[in-house]
Amino acid sequence: MWDRNRRNMLGTVDDMPQYRKYMTQALELAHKGAGWVNPNPLVGTVVVRDGEILAAGYHDRYRGPHAERMAFDYADEHGVDMHGATVIDTLEPCCHVGSQLACTDLILSHGITRVVVGSIDPNPIVAGKGLRILEENGVEVVYDVMRAECDAINRHFFHYITTGMGVRTKC
Ligand SMILES: Nc1c(N[C@@H]2O[C@H](COP(=O)(O)O)[C@@H](O)[C@H]2O)[nH]c(=O)[nH]c1=O
């Protein structure tokens, strides 16, 4: 489990307004998946460098691309160089190969240098491992940015993934 007391990851005071601005946009994107992603979480991602949004994405349907994948696919298709950019993510990036490749691999292979996260993913196969992998590979990690807002949009997912009950509506 990710030890949230291990270090103060809240970023510098100067960075916080910036992070909040982009996290608000990532939250707006995440909401677009409402009604489509169940039992998966709502997730939004914005990729920024020097105040410019390079790409963005959201989880738009169950079994569809993860939010990060949508943003990186856009960048790849449009020849956008992501080196040195910051990923702002409402949810910790996944680190497992599930219906698609791990988002942590995408982040590392695109030269991202900082990842700013709202919620830690309570899914036991992630649960802090995503952040740890990024950090071990030299990516600066900032978390708990607008955590209350990011946790709130996924309260049903959090309940389902930690108890196995309550969200799945179809087999
Ligand atoms: N949708 C989503 C994440 N969802 C995470 O992945 C799990 C589902 O994996 P899969 O079945 O492969 O889609 C889900 O339970 C949650 O832990 N993670 C992310 O980084 N970004 C996303 O957009």
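Two residues are in contact here when heavy atoms lie within 4.5 Å. The model on display is predicted, so local features are reported only at pLDDT of at least 70 and side-chain atom pairs only at pLDDT 80 or more, whereas totals for chains, interfaces and linings use all residues. Residues are numbered from 1 along each chain as its sequence is written, and side-chain values use heavy atoms, with hydrogens and water left out.

**Stop 1: Pro 93**

Select Pro 93, which sits in the loop between strand 3 (86-91) and helix 3 (103-109); helices (H or I, at least four residues) and strands (E, at least two) are DSSP runs, numbered from the N terminus. With its neighbours within four places in sequence set aside, Pro 93 is in contact with Glu 68, Cys 103, Thr 104, Ile 107, Val 115, Val 117, Val 126, Gly 130, Leu 131 and Leu 134. Its relative accessibility is 0%, and Pro 93 therefore counts as buried, a term that stands for under 20% relative accessible area, while exposed stands for over 50% and partly exposed for values in between (1.4 Å probe, protein chains only).

**Stop 2**

**Stop 3: the ligand**

Which residues come nearest to the ligand? Of the 18 residues around the ligand, these are His 66, Ala 67, Glu 68, Ser 99 and Asp 121, where a residue counts as near if one of its heavy atoms lies within 4 Å. For the polar contacts (pairs of N or O atoms within 3.5 Å), show Asp 121, which places a polar side-chain atom 2.6 Å from an oxygen atom of the ligand. The ligand on its own exposes 510 Å², of which the protein buries 93%, with areas from the Shrake-Rupley method and a 1.4 Å probe. A polar backbone atom of Ala 67 is 2.8 Å from a ligand oxygen atom, and a polar side-chain atom of Asn 40 lies 3.5 Å from an oxygen atom of the ligand.

**Stop 4: helix 6**

Move to helix 6 (residues 155-163), whose buried residues are Phe 157, Phe 158 and Tyr 160. Viewed down the helix axis, these buried residues fall within an arc of 165°, so they line one face of helix 6; the arc is taken from the directions from the helix axis to the C-beta atoms. They pack against strand 3, strand 4 (114-119) and helix 5 (147-153), while the face turned away from the buried side carries the exposed residues Arg 155, His 156 and Thr 162.

**Stop 5: backbone geometry**

Most residues other than glycine have a negative phi, and most peptide bonds are trans. Select Asn 38 and Pro 39, which are joined by a cis peptide bond with omega of about 5°; Pro 39 lies in the loop between helix 1 (16-31) and strand 1 (44-49). Ala 127, in the loop between strand 4 and helix 4 (129-136), has a positive phi of about 40° although it is not a glycine. Finish at Met 146, in the loop between strand 5 (140-142) and helix 5, where phi is near 55° and the relative accessible area is 10%, so that Met 146 is buried.

Conventions:
Polar contact = N/O pair within 3.5 Å; in protein donor to acceptor, adjacent residues only side chain to side chain.
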